[in-house]
Amino acid sequence: MFNTSPVSPRKCRILLTKISLLLFTGEKFPTNEATALFFGISKLFQNKDASLRQMVYLVIKELANTAEDVIMVTSSIMKDTAMGSDVVYRANAIRALCRIIDVSGLMVIGLVAAGRLYSHATGIYRASN
């Protein structure tokens with residue numbers, strides 16, 4: 001479903017909703033399945049549908065505890081925290097990033113995140129002072 005071209009945001013959202021229901025009701029995926037699912041879902045970062053992207057972040061946050069090598073999607077998530085990215089994505093990207101990063105990447109991401117706070121936008125500038 002996630003590898004088809006073109007991706008149907010509606011069908012993907014329905015599937016991600018079902019996966020999130022399983023995760024939130026306590027279902028545990030085996031590590032190999034969680035990893036395959038995690039990286040399959042991460043391909044949806046290429047789609048610009050806002051509601052699909054929100055579901056992607058929601059499921060990725062939950063799968064990050066079980067899947068392996070989740071640090072590989074950090075660059076995709078970091079793009080959504082950038083000042084030029086859509087504001088709708090930014091908060092969800094930061095939340096997902098907090099679940100995915102490990103101690104070794106914490107310093108680098110902390111510096112990047114601090115740079116995101118210093119903005120010429122009045123509201124963001126006031127919040128960072």
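The side chains of R13 and D49 meet in a salt bridge at 3.1 Å, N to O; a salt bridge here is a side-chain nitrogen of Lys or Arg within 4 Å of a carboxyl oxygen of Asp or Glu. R13 lies in helix α1 (residues 9-24) and D49 in the loop between α2 and α3 (50-63), so this pair ties together parts that are 36 residues apart in sequence. The model is predicted: local features need pLDDT of at least 70, side-chain atom pairs count only at pLDDT 80 or more, and totals for chains, interfaces and linings use all residues. Residues are numbered from 1 along each chain as its sequence is written, and side-chain values use heavy atoms, with hydrogens and water left out.

**Salt bridges**
- The structure holds two salt bridges.
- E62 and R99 also meet through their side chains in a salt bridge, at 3.3 Å, N to O.
- This pair links distant parts of the chain, with E62 in helix α3 and R99 in helix α5 (residues 87-100), 37 residues apart.
- Helices are DSSP runs (H or I, at least four residues), numbered from the N terminus.

**Accessibility of the paired residues**
- R13 is partly exposed, with a relative accessible area of 25%; partly exposed lies between buried (under 20%) and exposed (over 50%), using a 1.4 Å probe and protein chains only.
- D49 is partly exposed, with a relative accessible area of 25%.
- R99 counts as partly exposed at 39% relative accessibility.

**T35**
- T35 is found in helix α2 (residues 31-42).
- T35 is buried, at a relative accessible area of 15%.
- Leaving aside neighbours within four places in sequence, T35 is in contact with A67 and E68, where contact means heavy atoms within 4.5 Å.

Methods. Helix = DSSP H or I, 4+ residues; strand = E, 2+ residues; numbered from the N terminus.
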